[in-house]
Amino acid sequence: MRIPFRIAPSGSKPFDVVGFGLNSIDLVAVVAEHPSGNSKQRLQRFARLPGGQIATAMVTCARLGLRASYIGSFGDDDFGQLSRTSLTIEGVDVSGSRTVTGAANQFSIIVVDARSGERTVLWDRDPALTMDPSSLPLDAVTAARIVIVDCYETAAAAQVARVARNAGIPTVSDIERVRPGIADLLQNLDAIIMAEEFPAAFTGHDEAGRALQAIARDFRALRTPGFPVDCVDSTGAGDAFRGAFAAACLQRPHDDVETALSYANAVAALNCRALGARGGLPRAEEVEPLMSTRFQM
């Protein structure tokens with residue numbers, strides 16, 4: 001099955017990919033084991049690192065050689081400056097973003113279990129960072145060949161996706177959970193990348209195939225196994241996957257969907273090699289050797 005949407009040719013737009021959604025600063029704490037209630041333990045490691053779903057997806061695209069642009073809101077505090085700088089030093093354009101005076105940037109406290117790399121995320125976001133759909137920089141939205149949105153600011157994300165589709169630009173999503181207005185967002189997406197729990201929560205169908213059929217009529221099941229790596233931290237793996245899927249669609253347009261998904265799996269796996277949402281993000285030349293092992297698995 002080929003990638004089911006048309007993408008403008010390389011060089012036809014100022015950017016290859018534009019992302020709208022969250023950025024964050026992550027306070028990452030590595031512990032020997034996940035803490036139980038009313039307990040104490042010494043940290044094995046602590047770091048302050050950039051993250052956020054769409055910000056990380058855009059850095060993923062930039063690392064893979066694409067021209068990426070981020071649209072979102074930064075606080076005017078130290079975390080906001082750090083988050084903005086973390087994008088610009090990777091070559092991600094932020095001219096479509098804004099800094100909100102008096103607002104604290106989004107941040108997360110992430111507890112990583114050193115045994116498995118699994119993480120627990122605690123987060124906070126200033127309501128002042130929410131972007132009104134009417135204030136979106138629509139010229140920035142249509143400046144790319146493909147658009148990625150998350151689902152946190154659902155109304156604004158739906159507007160971004162709607163504008164992109166009306167301009168003939170394919171849209172890709174990062175859908176974590178059911179939120180008010182989520183149905184409107186889903187109707188304006190070409191590729192819906194969902195959390196495992198979302199289809200059942202959204203449709204009420206526990207059986208995965210039936211739930212997916214209710215969301216997408218043209219449904220075909222494809223299974224692409226993950227790649228084994230020594231996992232240090234799984235934070236950002238999903239964000240890397242979404243950015244890499246967009247990259248595969250842009251850079252490998254003649255691949256089938258299964259190969260594009262395998263490419264995204266490989267990038268996500270490599271990102272788990274180091275601490276933080278972006279700690280292990282690979283360059284393009286690092287992905288192919290891992291991709292070559294997929295037929296040996």
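Predicted model: local features only at pLDDT ≥ 70, side-chain atom pairs only at ≥ 80, totals over all residues.

Reader: Nice. How many aromatic pairs does a search of the whole structure find?
Author: Four aromatic pairs turn up. One of them joins Tyr152 to Trp123.

Reader: What's the geometry of Trp123 and Tyr152?
Author: They are edge-to-face, with 5.7 Å from centre to centre and 85° between the planes.

Reader: And which parts does that pair tie together?
Author: Trp123 belongs to strand 8 (residues 119–124), while Tyr152 sits in the loop between strand 9 (144–150) and helix 4 (154–166), so the pair links parts 29 residues apart in sequence. Trp123 is partly exposed too, at a relative accessible area of 46%.

Reader: Changing topic: at what angle do helix 8 and helix 9 pack?
Author: About 140°, with the axes of helix 8 (residues 237–251) and helix 9 (residues 257–271) 8 Å apart. Angles over 145 degrees would count as roughly antiparallel, so this pair of helices is oblique. The crossing of helix 8 and helix 9 is right-handed.

Reader: Which residues meet there, between helix 8 and helix 9?
Author: From helix 8, the residues include Ala237, Phe241, Phe245 and Gln251, and from helix 9 they include Leu261, Tyr263, Val267 and Asn271. By class, that contact has 12 nonpolar, three polar and no charged residues.

Reader: How do helix 1 and helix 8 pack?
Author: Helix 1 (residues 53–63) packs with helix 8 at an angle of about 50°, and their axes are 8 Å apart. Helix 1 and helix 8 are therefore oblique to each other, and their crossing is right-handed.

Reader: Who meets whom between helix 1 and helix 8?
Author: Gln53, Thr56, Ala57, Thr60 and Cys61 are the helix 1 side, and Asp239, Ala240, Gly243 and Ala244 are the helix 8 side. That contact splits into four nonpolar, four polar and one charged.

Reader: Last one, on backbone angles: what is phi of Asn38?
Author: Phi of Asn38 is near 55°, which is positive, and Asn38 is a residue other than glycine. Most residues other than glycine have a negative phi.

Reader: Where is Asn38 found, and is Asn38 buried or exposed?
Author: Asn38 is in the loop between strand 2 (24–31) and strand 3 (45–51). With a relative accessible area of 87%, Asn38 is exposed.

How values were computed
Residues numbered from 1 in each chain as written. Heavy atoms only, no water. Axes fitted to C-alpha atoms, helices over the stretch in contact; angles between N-to-C directions. Helix = DSSP H or I, 4+ residues; strand = E, 2+ residues; numbered from the N terminus. Parallel < 35°, antiparallel > 145°, perpendicular 65-115°, else oblique. Left-handed = near helix turned anticlockwise from the far one by under 90°. Contact = heavy atoms within 4.5 Å. Nonpolar A, V, L, I, M, F, W, Y, C, P; charged D, E, K, R; others polar. Phe/Tyr/Trp six-rings, centres within 6.5 Å; stacked < 30°, edge-to-face > 60°. Buried < 20%, exposed > 50% of the residue type's maximum accessible area, 1.4 Å probe, protein only.
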